[in-house]
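User: I'd like to go through this protein and ask where the labels come from. Can you take me through it?

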Amino acid sequence: MKKIYYLLWLFLLQQSLQAQQDGYWDKERSITQEIQVTARERALFKVEDLPVGTTELLYRITILDDKQQLASSLVSLLKAIPDPTGISQGSAGAVFLMSKISGQDKCKYALFTQKEQATSYQKTGNTDQSCYHQETPVSKDAKRLVLDQSSCIQANKNNLWFGFESSNWFMSQKIVLEIVPWVDTKSSRGWTLENRKTIIQSCKTSVMARKMQNSDDFCICIEEKIEKKYKFQEFQKLLPIEQAKNYKTFGENCFIETGALKTQNDALRAAAQRFEKNADYSNAIAQYHQIIATQKANTSDYSAIGYNYILTKQYAKAIQFLNQGQQADPTELLIQLRLAHAYLLNNQYQNAKALHKTYQYQNVTSTQSWAEQTQNDFKIFKNAGLPTEDFDRILKLLK
């Protein structure tokens, strides 16, 4: 039996901890209000500023006359109730406990989510626009309203109107209304579906997103990072320049995390290769510059941009980028060969000779030797009109 009690205690403790993580009864924002209703009249009470993240509402209505006394308060009763998710036991029991009062006076009541509807009810008694109404007069009542189950609780609204109609034709009534909201921890951050859509839509209009064929994953990533860092109300209060900085910072991270950067760079490489086939080397260079600007260029990108700079007779720039590439991967012999070409064409024969002497007996690819690739490149350079004075000296060296 001790083991059973111990396991039961552990289970209840776990449930209690889980309830605290999911949310809490906001007893600080509870409401206890006495409402005087004149005989045969109607009265309204506006519940203002429900906490952000309110997903449930527990209320008790009690009709009192001079001889009646109110049972223990709603807040005190809720202290014994862990959380509303176990409604079959917890809150169901609460509704029963909260209704423990007897009386003779009765009233009807209705709930509204808009002021105009409540005002109309006060004048006409029409409950067609109510989100809930109690047509049968009651002396007491207790209800639980739940988001997604009752239209009285809405994620993007924090006001609610109670309308009461007295069933006493001779004397006024005193109605005690008690309300305690349940605040969901996640929902209290204010990130409703509509608010998340707002962030995603703003992202989709950004320059970076417009360049993508499909920016959905990218924008969802940014929204999730903003949601994690800020409550929605906090983010809305930021200056436009501060919001823009967040979009930029998170955008740079998401560009990499979602694979959008790799997709973009692959597209730029494909475009560069198309330009190269058409001998449009200047536009090919422009594509490689965009890749390098992302700081995610590989050795092949540096090799290709250097080769295109050679073909456009910009030898100093070719040396600059080929050097960057060979520093990243000194074992890539194709980039070493192109660096030797750039030195040779830039009147740096000794530097070119040193590279040729070092690698002349190796292959630049699995099937192409250093010497064979050199001969092929020299033919292309001759056709492109590049200076050929030192070509024979290198070819003689390689023989």
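This is a predicted model: local features need pLDDT of at least 70, side-chain atom pairs count only at pLDDT 80 or more; totals for chains, interfaces and linings use all residues.

User: Why is Gln360 called buried?
Analyst: Its relative accessible area is 11%. Buried means under 20%, exposed means over 50%, and partly exposed is in between, using a 1.4 Å probe and protein chains only. So Gln360 counts as buried. Across the protein, 43% of the 399 residues get that label.

User: Where does Gln360 lie?
Analyst: In the loop between helix H15 (349-359) and helix H16 (370-383). Helices (H or I, at least four residues) and strands (E, at least two) are DSSP runs, numbered from the N terminus. The protein has 17 helices and nine strands.

User: What makes something a nonpolar core, and how many residues has the largest one?
Analyst: A nonpolar core is a set of buried Ala, Val, Leu, Ile, Met, Phe, Trp, Tyr and Cys residues joined through side-chain atoms within 4.5 Å. The largest has 40 residues, and Leu322, Trp370 and Phe381 are among those with the most contacts inside it. H14 gives the most to this core, with nine residues. A second, separate core of 24 residues includes Leu50 and Cys152.

User: Why is the pair of Tyr309 and Phe321 called stacked?
Analyst: Rings of Phe, Tyr and Trp (its six-membered ring) pair if their centres lie within 6.5 Å; planes under 30 degrees apart count as stacked, over 60 as edge-to-face and the rest as tilted. Tyr309 and Phe321 are 5.7 Å centre to centre with 15° between the planes, a stacked pair. The pair links helix H12, which holds Tyr309, with helix H13, which holds Phe321. Tyr309 and Phe321 are both buried.

User: How do you know that Arg393 lies over the face of Tyr349?
Analyst: A charge sits over a ring if NZ of Lys or CZ of Arg is within 6 Å of the ring centre and within 35 degrees of the ring normal. Arg393 lies over the face of Tyr349, at 3.8 Å from the ring centre. Arg338 lies over the face of Tyr307 too, at 4.2 Å.

Terms used: Residues are numbered from 1 along each chain as its sequence is written. Side-chain values use heavy atoms; hydrogens and water are left out.
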